[in-house]
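I opened my notebook to walk through this structure step by step. Come along and keep the picture beside you.

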Amino acid sequence: MNVLEEIVQWSKDRPIWQRDALRRLVQNGDLSEEDIGELREVCKSAHGLAEQRDSIPLESIHVPEKNAGAMPVTLASIFHHRGVNALAEGQTLKFGSSLTVVYGDNAAGKTGYIRILKSACHARGPEKILGNVVSGIAPQKVVVAITYKVGTEDKGREWSGNGGDEFISRVSVFDTQCAAVYLTEKTDVAFRPFGLDLFDKLVKACKSVRSGLESEQRALSVTQLAALQLQVAEGTAVAKLLLSLTSLTKAESVRALAHLSADDEARLGLLEKSLLDLQANDPKKLLQQLTVRATRVRTLAQHLRNVETTLSEEGVGAVFQVRKEGRRKSEEAKRLRAITFTAGVLNGTGSELWLALWEAAREFSHSEAYANKQFPVVEEGGKCVLCQQLLDEPAGDRLKKFEVFVTSTTEKELREARATFSRLQKAIKELQTSTDSFDETVNEIRIEHEIVADKIATALVENEKRRKAVALALSSDSDLSPVCPNVQVASQEAEALAKQLDERMRTLREKATDEKRKRMSAEVQELRARKVLAANEQAVLDEIERKKKVAAYELCLNDTRTQAITQKSTAVTRSSVTQKLKDSFQKELLNLGFSHVEVELKEVGGAEGVLYHKLMLTRAPGVELPRVVSEGEQRCLSIASFFAELSTADDPSGIVFDDPVSSLDYKWREGVARRLVQEAKTRQVIVFTHDIVFLLLLKQFSEEQKVEQLDQHVRQLALGAGVCVEEMPWVAMPAKKKIGYLKSQWQAADKLHREGHQSAYEKEAKYLYGLLRETWERALEEVLLGGIVERFRPSVQTQHIRTIADITEEDCSALESAMTKCSRWLPGHDQAPAAQAEIPDPKVLKADIDALESWVVGIRKRRTS
């Protein structure tokens with residue numbers, strides 16, 4: 001299990017926000033302010049301080065595979081469409097499978113391509129790609145593509161700038177920022193094996209997240225209950241609750257204590273009045289006053305109860321139900337009359353008036369005319385009690401039918417219903433909802449119980465409105481208006497007040513002891529405290545929530561502690577930095593020729609997630625290394641550390657170097673060049689450089705070690721920076737390539753001549769003659785003198801001395817003549833006007849180039865035959 005795999009396994013027991021942070025660090029290299037904010041919210045959501053947020057914890061799929069036997073990843077090209085720095089659009093930078101050297105002067109565009117690589121590959125410090133911010137226009141969207149291959153696959157893959165790529169991230173980049181990991185502020189040379197920098201970055205994230213959490217927690221440090229506690233008497237249940245309030249206090253407990261029932265409110269009022277009563281100067285007189293008042297209040301309560309009963313929904317409903325029943329009975333009676341009273345009877349027969357007449361006749365018959373005989377008397381000789389004429393048989397039958405009608409159940413029930421309705425209607429009509437006496441009692445109540453008095457007064461007014469509405473509906477034989485007020489109940493308050501007055505009188509009669517007074521006072525304080533709590537119930541509940549949040553923030557802060565990170569960093573570092581790693585570092589120093597100063601890798605303790613290994617002087621461990629070695633030597637140590645780091649993972653994927661010999665003198669350049677070419681035998685090596693000497697050294701060692709080298713040249717042209725050409729810069733070209741370049745440029749010059757652009761042609765011809773002269777000089781070193789001595793190379797190839805024994809007079813004359821001719825048109829030679837020579841035409845120029853080529857070919861052919 002390598003370092004990254006062990007970190008993945010360890011992280012599964014870490015807080016979810018730390019797992020997400022590790023994933024972001026692996027994929028992005030660092031955390032932005034936005035990342036820190038999002039991670040803080042993830043941390044808070046785990047403890048209920050924020051809404052649940054989606055998080056992506058670190059898993060094995062997020063880290064580049066570093067397993068033994070992994071197929072190597074090699075880069076094929078970078079295509080820059082647009083948007084990166086000031087790079088020209090539509091440029092393709094190609095890479096070979098072994099060694100690729102990308103040469104470019106300062107400001108030629110190398111950094112732009114490096115930034116593209118760092119955004120995709122493994123780099124210590126990935127950089128955000130900027131657009132052309134100095135162009136004066138809004139930067140374009142970045143559009144790039146990196147093609148690469150995994151192993152020996154035929155078809156390449158592509159990374160188009162969107163997110164991480166598990167394969168291309170296995171390619172490592174060494175640049176100045178990478179060197180800074182090993183050279184901490186140029187004072188300490190701290191070695192970090194691959195992946196261990198995640199620990200100190202996670203510690204940094206912990207500090208940033210913790211800082212934000214502490215700031216938010218401080219905003220919750222002020223309690224709102226200080227003033228409330230001053231309003232509550234000490235020793236009461238409410239005071240004890242406020243003092244012991246914690247995040248675990250149940251809201252139900254607060255609500256139960258804060259809720260005062262009507263009985264509690266009445267009890268508080270009674271106790272307060274009773275305590276005042278006990279302080280009266282003349283208790284007997286007060287007792288008499290209370291007795292009178294209690295009688296009045298009780299009378300009022302009885303009256304209110306009567307009004308409420310009469311005007312209640314049930315009471316009013318009963319009246320309307322009787323009226324309804326009377327209507328029904330009336331209809332039944334009409335049907336009975338129709339049957340009983342045949343045609344020929346007088347109008348109104350069977351009506352209320354007629355019934356009264358009939359009942360009067362019955363009474364006269366029973367009392368005077370026919371005592372002790374059943375009414376009506378229709379026997380022979382019987383007379384009508386009204387007209388006093390003898391009754392014949394038809395008249396007698398008619399009177400019997402009348403009596404049957406009158407004594408029927410229907411008619412009887414109708415009379416009873418009408419009587420009941422009349423009585424109930426009269427009761428409502430004559431009901432007095434209020435009197436002057438009751439108004440005086442209400443005003444008397446208002447002196448000590450304003451709220452109760454207001455409720456009673458309102459009930460009296462509203463109930464009178466209801467009485468009038470009911471009376472109107474009954475008198476007009478209509479339905480009750482839908483806007484009729486509901487009955488208002490206030491009798492309970494009046495009765496409670498009467499009971500309170502009774503209790504006060506009882507207390508006065510009993511002569512309370514000091515102990516009883518204390519109990520009463522304590523009960524008053526308890527009830528008053530509960531009343532204060534009720535008024536501030538929400539504030540107390542908010543305080544519980546505040547304490548819950550503070551406690552939750554403490555849990556969040558616990559999730560930002562770094563002790564476990566440091567312990568794991570120490571353990572992983574100790575297990576991964578083995579003797580093999582230390583031996584690898586020493587081996588790399590030997591490869592670079594760094595043997596004049598004894599330096600070794602030692603552990604120097606850990607702090608906040610990092611176990612440091614410091615490069616120390618073996619013979620003087622107490623002396624800081626940067627005070628002894630030069631800047632260039634420090635660079636060598638960084639490169640050695642980088643290669644030692646690579647040895648910890650069996651992954652032969654490509655590596656990229658950005659100006660690896662910056663600050664190095666010639667001695668160290670040679671060692672670094674040799675080491676890079678050596679590495680190119682086993683993996684792809686890409687080198688970006690602006691150092692021509694280093695370029696030639698790489699070329700020399702690649703030829704010696706038979707390593708294939710691809711040359712790429714980036715330049716700053718009118719199109720922009722980073723224009724790519726698959727060739728070495730002119731100054732580094734061998735004679736053969738220089739001749740090929742001259743031929744190519746001659747074609748362009750010939751076209752100018754043919755198209756009549758004489759001035760442009762002459763300018764180009766002079767330039768080509770200058771290059772031709774330089775090529776003759778290069779051919780002198782490389783061909784005629786057999787490369788025994790060359791510029792930019794310190795060694796002299798004495799083994800080639802025999803090759804120059806065949807130099808002839810003709811070789812020298814041809815060289816001297818060509819050099820003299822080329823010099824005639826070089827700028828910087830001030831010639832007399834009369835001696836101004838005509839610029840040779842394209843045919844002559846072509847012949848001069850061919851002459852050089854023939855000269856070179858002739859000598860080489862002669863020496864190989």
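I began with a pair of strands: β9 (residues 655-658) and β10 pair in the parallel sense over 4 bridges. My labels follow DSSP runs, numbered from the N terminus, with helices being H or I of at least four residues and strands E of at least two. Two strands count as paired if DSSP finds at least two bridges between them.

Before going on, I noted that this is a predicted model, where local features need pLDDT of at least 70, side-chain atom pairs count only at pLDDT 80 or more, and totals for chains, interfaces and linings use all residues. Residues are numbered from 1 along each chain as its sequence is written, and side-chain values use heavy atoms, with hydrogens and water left out.

**Entry: the sheet.** I looked up the strand order and found 6 strands in an open sheet, β6-β9-β10-β3-β11-β12, with mixed pairing. β6 (172-174) and β12 (720-725) stand at the edges with a single partner strand each, so one side of each has no neighbour in the sheet. On average, neighbouring strands are turned by 20° against each other, direction ignored; the axes behind this angle are lines fitted to C-alpha atoms, for helices over the stretch in contact, and angles run from 0 to 180 degrees between N-to-C directions.

Entry: Is β10 buried or exposed? I found 5 of the 5 residues of β10 (residues 685-689) buried, so the strand is largely enclosed by the rest of the structure. Buried means under 20% relative accessible area, exposed over 50%, and partly exposed in between (1.4 Å probe, protein chains only). Val 685, Val 687 and Thr 689 point one way from β10, while Ile 686 and Phe 688 point the other way. Opposite Ile 686 I saw Val 656. Strand β3 (residues 99-103) runs parallel to β10 and is joined to it by 5 bridges; Val 101 stands opposite Val 687, and Val 102 has Phe 688 as its bridge partner.

**Entry: β3.** I checked β3 too, and 5 of its 5 residues are buried. β3 also runs parallel to β11 (residues 709-717), joined by 5 bridges, and Thr 100 stands opposite Leu 710 there.

**Entry: helix α13.** Which residues of α13 are buried? I listed Trp 354, Leu 355, Trp 358, Ala 361, Arg 362 and Ser 365.

**Entry: the cores.** A nonpolar core is a set of buried Ala, Val, Leu, Ile, Met, Phe, Trp, Tyr and Cys residues joined through side-chain atoms within 4.5 Å. The largest one has 74 residues, and those with the most contacts inside it are Phe 594, Leu 676, Trp 776 and Trp 855. Helix α27 (residues 758-784) gives the most to this core, with 10 residues. Apart from it I found another core of 33 residues, among them Trp 17 and Leu 557.
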